[in-house]
Amino acid sequence: MYAIAGVTGHTGTVVADSLLARGEPIRVIVRDEHKGASWRDRGAEMAVASLDDDVALAGALRGTQGAYVLLPPDATTTDFFGSRARMIDAIGRAAVRAGLPHLVFLSSIGAHLPKGHGPIGAPYLAERSFEQLGMATTFVRAAYFLENYGAVLPAAKQDGVLPSFLPAHFTHAVATTTDIGRTAAQALLDGPRGRRVIELSGPTDVTPADVAAALTELLGRSVKVIEAPLDAVVPTFVSFGMSPHMAEIYRQMYEGFIGGGVTWEATGERVRGSIEVKEGLRAMLS
Ligand SMILES: NC(=O)c1ccc[n+]([C@@H]2O[C@H](COP(=O)([O-])OP(=O)(O)OC[C@H]3O[C@@H](n4cnc5c(N)ncnc54)[C@H](OP(=O)(O)O)[C@@H]3O)[C@@H](O)[C@H]2O)c1
(Lines give C-alpha, C1' and ligand atoms only; values in the text may rest on other atoms or scores of the structure.)
Protein backbone atom coordinates (compact mmCIF):
# COMPACT_ATOMS: atom_id res chain seq x y z
CA MET A 1 0.00 0.00 0.00
CA TYR A 2 1.32 3.39 -1.02
CA ALA A 3 -0.01 6.74 0.24
CA ILE A 4 -0.17 9.59 -2.25
CA ALA A 5 -0.80 13.27 -1.58
CA GLY A 6 -1.72 15.84 -4.21
CA VAL A 7 -3.97 13.51 -6.24
CA THR A 8 -6.09 16.41 -7.48
CA GLY A 9 -2.96 18.12 -8.78
CA HIS A 10 -0.49 17.61 -11.61
CA THR A 11 2.06 15.16 -10.26
CA GLY A 12 0.05 13.33 -7.60
CA THR A 13 -2.54 12.33 -10.21
CA VAL A 14 0.18 10.70 -12.32
CA VAL A 15 1.72 8.93 -9.32
CA ALA A 16 -1.68 7.48 -8.37
CA ASP A 17 -2.59 6.57 -11.97
CA SER A 18 0.78 4.88 -12.55
CA LEU A 19 0.49 2.72 -9.45
CA LEU A 20 -3.14 1.79 -10.10
CA ALA A 21 -2.22 0.85 -13.67
CA ARG A 22 0.30 -1.62 -12.23
CA GLY A 23 -2.31 -3.10 -9.91
CA GLU A 24 -0.68 -1.64 -6.79
CA PRO A 25 -2.88 -0.79 -3.80
CA ILE A 26 -2.96 2.94 -3.05
CA ARG A 27 -4.38 5.27 -0.43
CA VAL A 28 -5.03 8.79 -1.66
CA ILE A 29 -4.66 11.66 0.81
CA VAL A 30 -7.18 14.41 0.19
CA ARG A 31 -8.32 17.46 2.12
CA ASP A 32 -11.93 17.03 1.10
CA GLU A 33 -13.48 13.58 0.81
CA HIS A 34 -15.47 14.57 -2.29
CA LYS A 35 -12.16 15.00 -4.09
CA GLY A 36 -11.23 11.41 -3.30
CA ALA A 37 -14.48 9.87 -4.53
CA SER A 38 -13.32 9.16 -8.10
CA TRP A 39 -10.18 7.46 -6.76
CA ARG A 40 -12.25 5.35 -4.36
CA ASP A 41 -14.43 4.31 -7.31
CA ARG A 42 -11.24 3.05 -8.95
CA GLY A 43 -10.33 0.92 -5.95
CA ALA A 44 -8.15 3.29 -3.92
CA GLU A 45 -8.40 3.72 -0.18
CA MET A 46 -8.96 7.31 0.87
CA ALA A 47 -7.69 9.27 3.86
CA VAL A 48 -8.76 12.81 4.64
CA ALA A 49 -5.84 14.83 5.97
CA SER A 50 -4.12 18.13 5.42
CA LEU A 51 -0.37 18.09 4.95
CA ASP A 52 -0.08 20.48 7.90
CA ASP A 53 -2.05 18.25 10.30
CA ASP A 54 0.44 15.75 11.70
CA VAL A 55 -2.14 13.71 13.60
CA ALA A 56 -4.50 13.15 10.67
CA LEU A 57 -1.54 12.69 8.33
CA ALA A 58 0.02 10.03 10.57
CA GLY A 59 -3.25 8.11 10.31
CA ALA A 60 -3.12 8.45 6.54
CA LEU A 61 0.44 7.13 6.37
CA ARG A 62 0.09 4.30 8.88
CA GLY A 63 0.55 0.82 7.45
CA THR A 64 1.89 1.99 4.09
CA GLN A 65 5.16 0.92 2.42
CA GLY A 66 5.88 4.41 1.18
CA ALA A 67 4.32 7.81 0.61
CA TYR A 68 4.52 10.52 -2.04
CA VAL A 69 4.37 14.03 -0.62
CA LEU A 70 4.90 17.52 -1.95
CA LEU A 71 4.77 21.09 -0.73
CA PRO A 72 1.78 22.52 -2.61
CA PRO A 73 2.02 26.03 -3.99
CA ASP A 74 0.01 28.78 -2.32
CA ALA A 75 -0.38 31.85 -4.50
CA THR A 76 -2.07 34.01 -1.89
CA THR A 77 0.04 33.33 1.20
CA THR A 78 1.72 36.23 2.94
CA ASP A 79 4.05 33.89 4.85
CA PHE A 80 5.36 31.37 2.33
CA PHE A 81 8.38 30.10 4.23
CA GLY A 82 6.61 30.07 7.61
CA SER A 83 3.66 28.10 6.25
CA ARG A 84 5.92 25.67 4.34
CA ALA A 85 8.06 25.19 7.47
CA ARG A 86 4.95 24.22 9.45
CA MET A 87 3.97 21.77 6.72
CA ILE A 88 7.46 20.26 6.58
CA ASP A 89 7.37 19.82 10.33
CA ALA A 90 3.95 18.18 10.25
CA ILE A 91 4.93 15.80 7.44
CA GLY A 92 8.07 14.78 9.32
CA ARG A 93 6.27 14.22 12.61
CA ALA A 94 3.50 12.26 10.87
CA ALA A 95 5.99 10.07 9.01
CA VAL A 96 7.85 9.22 12.23
CA ARG A 97 4.66 8.62 14.19
CA ALA A 98 3.35 6.31 11.45
CA GLY A 99 6.64 4.41 11.20
CA LEU A 100 6.73 5.18 7.47
CA PRO A 101 9.44 3.09 5.75
CA HIS A 102 9.98 5.38 2.73
CA LEU A 103 9.19 9.02 2.01
CA VAL A 104 9.27 10.14 -1.64
CA PHE A 105 9.32 13.92 -1.78
CA LEU A 106 8.82 16.16 -4.81
CA SER A 107 11.80 18.50 -4.63
CA SER A 108 13.31 20.84 -7.17
CA ILE A 109 16.34 21.60 -9.23
CA GLY A 110 18.56 23.75 -7.02
CA ALA A 111 17.18 22.38 -3.74
CA HIS A 112 20.68 21.58 -2.52
CA LEU A 113 21.37 25.33 -2.47
CA PRO A 114 20.38 27.40 0.58
CA LYS A 115 19.45 30.63 -1.17
CA GLY A 116 19.15 32.61 -4.36
CA HIS A 117 16.22 30.69 -5.81
CA GLY A 118 12.95 32.07 -4.36
CA PRO A 119 10.36 29.32 -3.73
CA ILE A 120 13.01 26.58 -4.11
CA GLY A 121 14.00 27.59 -0.57
CA ALA A 122 11.03 25.50 0.59
CA PRO A 123 12.22 22.16 -0.85
CA TYR A 124 15.70 23.09 0.38
CA LEU A 125 14.31 23.30 3.94
CA ALA A 126 12.26 20.13 3.43
CA GLU A 127 15.26 18.08 2.29
CA ARG A 128 17.33 19.27 5.25
CA SER A 129 14.49 18.42 7.64
CA PHE A 130 13.50 15.04 6.13
CA GLU A 131 17.06 13.76 6.01
CA GLN A 132 17.17 14.11 9.82
CA LEU A 133 14.19 11.79 10.30
CA GLY A 134 16.18 8.59 10.26
CA MET A 135 14.04 7.08 7.51
CA ALA A 136 14.64 6.30 3.86
CA THR A 137 13.94 9.35 1.71
CA THR A 138 13.89 9.81 -2.05
CA PHE A 139 14.11 13.40 -3.23
CA VAL A 140 12.80 13.75 -6.78
CA ARG A 141 14.39 17.04 -7.79
CA ALA A 142 12.34 18.13 -10.78
CA ALA A 143 13.31 20.64 -13.44
CA TYR A 144 11.19 23.69 -14.27
CA PHE A 145 7.75 22.29 -15.13
CA LEU A 146 6.79 22.47 -18.80
CA GLU A 147 3.30 23.19 -17.43
CA ASN A 148 4.60 26.58 -16.21
CA TYR A 149 4.24 27.59 -19.87
CA GLY A 150 0.52 26.79 -19.61
CA ALA A 151 -0.27 30.30 -18.35
CA VAL A 152 0.84 31.85 -21.62
CA LEU A 153 -0.71 29.34 -24.05
CA PRO A 154 -3.87 31.48 -24.48
CA ALA A 155 -1.65 34.39 -25.62
CA ALA A 156 0.17 32.07 -28.03
CA LYS A 157 -3.11 30.82 -29.48
CA GLN A 158 -4.85 34.18 -29.72
CA ASP A 159 -2.03 36.62 -30.42
CA GLY A 160 0.92 34.51 -31.56
CA VAL A 161 3.10 35.65 -28.65
CA LEU A 162 4.88 33.80 -25.88
CA PRO A 163 5.54 36.26 -23.04
CA SER A 164 8.60 35.10 -21.08
CA PHE A 165 10.62 36.28 -18.10
CA LEU A 166 13.37 33.94 -19.22
CA PRO A 167 15.34 35.34 -22.19
CA ALA A 168 14.31 33.87 -25.54
CA HIS A 169 17.58 31.97 -26.00
CA PHE A 170 18.13 30.99 -22.36
CA THR A 171 18.58 27.21 -22.19
CA HIS A 172 16.96 25.54 -19.24
CA ALA A 173 16.02 22.06 -18.12
CA VAL A 174 12.33 21.32 -18.27
CA ALA A 175 10.17 18.36 -17.22
CA THR A 176 6.56 17.40 -17.79
CA THR A 177 4.54 16.57 -14.72
CA THR A 178 3.78 13.22 -16.39
CA ASP A 179 7.47 12.28 -16.39
CA ILE A 180 7.77 13.54 -12.81
CA GLY A 181 4.78 11.55 -11.56
CA ARG A 182 5.98 8.39 -13.33
CA THR A 183 9.45 8.77 -11.84
CA ALA A 184 8.03 9.25 -8.35
CA ALA A 185 5.79 6.19 -8.77
CA GLN A 186 8.81 4.14 -9.84
CA ALA A 187 10.75 5.43 -6.82
CA LEU A 188 7.97 4.19 -4.54
CA LEU A 189 8.07 0.79 -6.24
CA ASP A 190 11.87 0.68 -5.98
CA GLY A 191 11.42 0.91 -2.21
CA PRO A 192 13.69 2.34 0.47
CA ARG A 193 17.30 2.96 -0.57
CA GLY A 194 18.62 5.12 2.23
CA ARG A 195 18.96 8.74 1.10
CA ARG A 196 18.33 8.84 -2.64
CA VAL A 197 18.40 11.88 -4.90
CA ILE A 198 16.95 11.77 -8.42
CA GLU A 199 17.56 14.87 -10.53
CA LEU A 200 14.94 14.75 -13.26
CA SER A 201 14.32 16.60 -16.48
CA GLY A 202 12.80 15.81 -19.86
CA PRO A 203 14.81 14.32 -22.74
CA THR A 204 16.01 17.70 -24.02
CA ASP A 205 16.76 21.06 -22.44
CA VAL A 206 15.00 23.96 -24.15
CA THR A 207 14.84 27.70 -24.64
CA PRO A 208 11.66 29.76 -24.68
CA ALA A 209 12.38 30.18 -28.41
CA ASP A 210 12.25 26.37 -28.78
CA VAL A 211 8.89 26.35 -27.01
CA ALA A 212 7.64 29.09 -29.35
CA ALA A 213 8.86 27.09 -32.37
CA ALA A 214 7.06 23.97 -31.15
CA LEU A 215 3.89 26.00 -30.62
CA THR A 216 4.25 27.48 -34.11
CA GLU A 217 4.08 23.94 -35.50
CA LEU A 218 1.32 22.75 -33.21
CA LEU A 219 -0.91 25.80 -33.62
CA GLY A 220 -0.21 26.32 -37.32
CA ARG A 221 0.53 29.99 -36.70
CA SER A 222 3.67 31.94 -35.98
CA VAL A 223 4.45 32.27 -32.27
CA LYS A 224 7.22 34.64 -31.15
CA VAL A 225 8.79 35.10 -27.73
CA ILE A 226 8.17 38.48 -26.12
CA GLU A 227 10.77 38.96 -23.40
CA ALA A 228 9.48 40.68 -20.28
CA PRO A 229 11.85 42.34 -17.77
CA LEU A 230 12.23 40.97 -14.25
CA ASP A 231 10.69 44.20 -12.94
CA ALA A 232 7.44 43.04 -14.53
CA VAL A 233 7.24 39.76 -12.56
CA VAL A 234 5.63 41.19 -9.41
CA PRO A 235 3.00 43.40 -11.10
CA THR A 236 2.16 40.63 -13.59
CA PHE A 237 1.71 37.92 -10.98
CA VAL A 238 -0.18 40.28 -8.66
CA SER A 239 -2.54 41.07 -11.54
CA PHE A 240 -3.28 37.31 -11.71
CA GLY A 241 -4.29 37.34 -8.02
CA MET A 242 -0.98 36.37 -6.38
CA SER A 243 0.05 38.04 -3.13
CA PRO A 244 2.86 40.64 -3.56
CA HIS A 245 4.91 38.54 -1.08
CA MET A 246 4.64 35.41 -3.25
CA ALA A 247 5.16 37.33 -6.48
CA GLU A 248 8.42 38.73 -5.12
CA ILE A 249 9.55 35.20 -4.23
CA TYR A 250 8.91 34.11 -7.83
CA ARG A 251 10.84 37.16 -9.08
CA GLN A 252 13.80 35.90 -7.05
CA MET A 253 13.44 32.50 -8.70
CA TYR A 254 13.62 33.97 -12.22
CA GLU A 255 16.58 36.07 -11.15
CA GLY A 256 18.28 32.92 -9.84
CA PHE A 257 17.65 31.01 -13.06
CA ILE A 258 18.84 33.80 -15.32
CA GLY A 259 21.91 34.41 -13.17
CA GLY A 260 22.83 30.76 -13.64
CA GLY A 261 22.72 29.95 -9.93
CA VAL A 262 19.87 27.45 -10.02
CA THR A 263 21.56 24.28 -11.18
CA TRP A 264 21.72 20.54 -10.65
CA GLU A 265 23.82 19.27 -7.77
CA ALA A 266 24.94 16.42 -10.05
CA THR A 267 26.03 14.08 -7.28
CA GLY A 268 22.97 11.79 -7.29
CA GLU A 269 21.11 10.07 -10.11
CA ARG A 270 20.51 12.24 -13.18
CA VAL A 271 17.40 10.96 -14.95
CA ARG A 272 15.80 12.11 -18.19
CA GLY A 273 12.12 11.44 -18.81
CA SER A 274 10.68 10.40 -22.15
CA ILE A 275 8.26 13.17 -23.06
CA GLU A 276 9.63 15.69 -25.54
CA VAL A 277 8.54 19.30 -25.27
CA LYS A 278 6.38 19.20 -28.39
CA GLU A 279 4.53 16.15 -27.15
CA GLY A 280 4.05 17.73 -23.72
CA LEU A 281 2.76 20.95 -25.27
CA ARG A 282 0.40 18.98 -27.52
CA ALA A 283 -1.12 17.35 -24.43
CA MET A 284 -1.46 20.77 -22.77
CA LEU A 285 -3.25 22.18 -25.82
CA SER A 286 -5.73 19.28 -26.11
N1 LIG B 1 6.52 24.56 -11.02
C2 LIG B 1 7.76 24.15 -11.11
O3 LIG B 1 8.49 24.49 -12.06
C4 LIG B 1 8.32 23.22 -10.07
C5 LIG B 1 9.60 22.67 -10.25
C6 LIG B 1 10.10 21.77 -9.29
C7 LIG B 1 9.30 21.44 -8.18
N8 LIG B 1 8.08 22.00 -8.03
C9 LIG B 1 7.25 21.62 -6.86
O10 LIG B 1 6.04 21.10 -7.33
C11 LIG B 1 5.00 21.56 -6.50
C12 LIG B 1 3.66 21.50 -7.23
O13 LIG B 1 3.37 20.15 -7.59
P14 LIG B 1 2.06 19.86 -8.44
O15 LIG B 1 2.11 20.72 -9.69
O16 LIG B 1 1.89 18.41 -8.57
O17 LIG B 1 0.96 20.46 -7.48
P18 LIG B 1 -0.46 21.07 -7.85
O19 LIG B 1 -0.91 20.61 -9.20
O20 LIG B 1 -0.44 22.53 -7.55
O21 LIG B 1 -1.38 20.35 -6.78
C22 LIG B 1 -1.26 20.58 -5.41
C23 LIG B 1 -1.94 19.42 -4.72
O24 LIG B 1 -1.74 19.52 -3.32
C25 LIG B 1 -3.01 19.45 -2.67
N26 LIG B 1 -2.93 20.28 -1.48
C27 LIG B 1 -2.85 21.62 -1.39
N28 LIG B 1 -2.77 22.00 -0.12
C29 LIG B 1 -2.84 20.87 0.63
C30 LIG B 1 -2.83 20.61 2.02
N31 LIG B 1 -2.73 21.59 2.91
N32 LIG B 1 -2.94 19.32 2.41
C33 LIG B 1 -3.05 18.31 1.53
N34 LIG B 1 -3.04 18.50 0.20
C35 LIG B 1 -2.95 19.76 -0.24
C36 LIG B 1 -4.00 19.97 -3.67
O37 LIG B 1 -5.26 19.46 -3.31
P38 LIG B 1 -6.62 20.32 -3.24
O39 LIG B 1 -7.45 19.82 -4.37
O40 LIG B 1 -7.16 20.00 -1.91
O41 LIG B 1 -6.23 21.78 -3.38
C42 LIG B 1 -3.45 19.37 -4.94
O43 LIG B 1 -3.84 18.03 -5.08
C44 LIG B 1 5.43 22.97 -6.15
O45 LIG B 1 4.77 23.45 -5.03
C46 LIG B 1 6.92 22.81 -5.95
O47 LIG B 1 7.20 22.44 -4.62
C48 LIG B 1 7.57 22.86 -8.95
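## The shell around the ligand

Strand S5 gives the largest share of the shell around the ligand, 3 residues. Helices (H or I, at least four residues) and strands (E, at least two) are DSSP runs, numbered from the N terminus. The model is a predicted one, in which local features need pLDDT of at least 70 and side-chain atom pairs count only at pLDDT 80 or more, while totals for chains, interfaces and linings use all residues. Residues are numbered from 1 along each chain as its sequence is written, and side-chain values use heavy atoms, with hydrogens and water left out.

In total, 24 residues surround the ligand, and the closest are Thr8, Thr11, Arg31, Leu71 and Asn148. A residue is near a molecule if one of its heavy atoms lies within 4 Å of it. By class, this shell has 13 nonpolar, 9 polar and 2 charged residues. Ala, Val, Leu, Ile, Met, Phe, Trp, Tyr, Cys and Pro count as nonpolar, Asp, Glu, Lys and Arg as charged, and the others, Gly among them, as polar.

Thr8 has a polar side-chain atom 2.5 Å from an oxygen atom of the ligand. For Asn148, a polar side-chain atom lies 2.8 Å from a ligand oxygen atom. His10 takes part through its backbone, where a polar atom is 2.8 Å from an oxygen atom of the ligand.

On its own, the ligand has 940 Å² of accessible area, and the protein covers 82% of this. Such areas come from the Shrake-Rupley method with a 1.4 Å probe; for residues, only the protein chains shown count as cover. The elements that give two or more residues to the shell are helix H1 (10-21), strand S5 (102-108) and strand S7 (144-145).

## The cavity

How many cavities of 30 Å³ or more does the structure hold? There is 1, and about 40 Å³ of space lies in the largest cavity. On a 1 Å grid over the protein atoms alone, a cavity is a set of points where a 1.4 Å probe fits but cannot get out, and lining residues have an atom within 4 Å of a point. Grid points are joined across faces, edges and corners, and a volume is the space filled by probe spheres set on the points.

Among the residues that line the largest cavity are Leu146, Val174, Gly202, Pro203 and Glu276. By class, the lining has 6 nonpolar, 3 polar and 1 charged residues.

Glu199 lies in strand S10 (residues 195-201). With 1% relative accessibility, Glu199 counts as buried; buried means under 20% relative accessible area, exposed over 50%, and partly exposed in between (1.4 Å probe, protein chains only). The side chain of Glu199 makes a polar contact of 3.0 Å with the side chain of Arg141. A polar atom of the Glu199 side chain also lies 2.8 Å from the backbone nitrogen of Ala266.

Ala266 is in the loop between helix H10 (244-258) and strand S12 (269-272). This residue is exposed, with a relative accessible area of 61%. Phi of Ala266 is near 65 degrees, a positive value in a residue other than glycine.

How values were computed. A polar contact is a pair of N or O atoms within 3.5 Å; within protein, one must be able to donate a hydrogen and the other to accept it, and residues adjacent in sequence count only if both atoms are side-chain atoms. On a 1 Å grid over the protein atoms alone, a cavity is a set of points where a 1.4 Å probe fits but cannot get out, and a pocket is an open set with protein on both sides within 12 Å along at least five of seven lines; lining residues have an atom within 4 Å of a point.
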